Amino acid sequence: MVTDYSLLPDESPGAAAVRCYMECRSCGVCGVMGEDALDGAEWAASHLERHPDHLAYREHVTRPYRFLPGEVSS
Ligand SMILES: [Zn+2]
């Protein structure tokens with residue numbers, strides 16, 4: 001019998017933390033790396049204060065995943 005696996009965000013104690021940062025699409029400058037999307041939003045807001053014409057941003061997120069035995073119940 002084949003075991004089914006489900007790919008899920010790895011939230012086990014030893015898993016790497018979620019990391020995210022924001023990049024300005026106008027000038028390519030990146031904000032500080034944080035564990036919360038709110039950090040990136042605050043950086044973008046302060047960047048916009050200094051550069052009022054920099055309106056477009058890209059969020060970069062690194063999130064660990066792990067295959068776990070069993071199917072996802074829905
Ligand atoms: Zn910029």
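**Contacts, shape and one residue**

Guide: Happy to. In this predicted model, 60% of the protein's contacts with a separation of 6 or more join residues 24 or more positions apart.

Visitor: How do you know what order the elements of the protein run in?

Guide: Reading from the N terminus, the pattern is β-β-α-β-β.

Visitor: What does the radius of gyration of the protein look like against a compact globule of 74 residues?

Guide: The globule would come out near 11 Å, but the protein has 18 Å. Its C-alpha atoms fill a box of roughly 60 × 20 × 20 Å along the principal axes.

Visitor: And what share of the 74 residues is buried?

Guide: Buried residues make up 5% of them. The label requires 20 or more other C-beta atoms within 10 Å.

Visitor: Why is Asp10 called partly exposed?

Guide: Asp10 has 15 C-beta neighbours inside 10 Å. Buried would take 20 or more, and exposed 12 or fewer, so Asp10 falls in between and counts as partly exposed.

Visitor: Where is Asp10, and what does Asp10 touch?

Guide: Asp10 sits in the loop between strand S1 (5-9) and strand S2 (19-24). Leaving out residues up to four places away in sequence, Asp10 touches Ala15, Pro64, Tyr65 and Arg66.

Key:
Residues are numbered from 1 along each chain as its sequence is written. This is a predicted model: local features need pLDDT of at least 70, side-chain atom pairs count only at pLDDT 80 or more; totals for chains, interfaces and linings use all residues. Helices (H or I, at least four residues) and strands (E, at least two) are DSSP runs, numbered from the N terminus. Two residues are in contact if their C-beta atoms, placed from the backbone, lie within 7 Å. The radius of gyration is taken over C-alpha atoms; the globule rule is 2.2 Å times the number of residues to the power 0.38.
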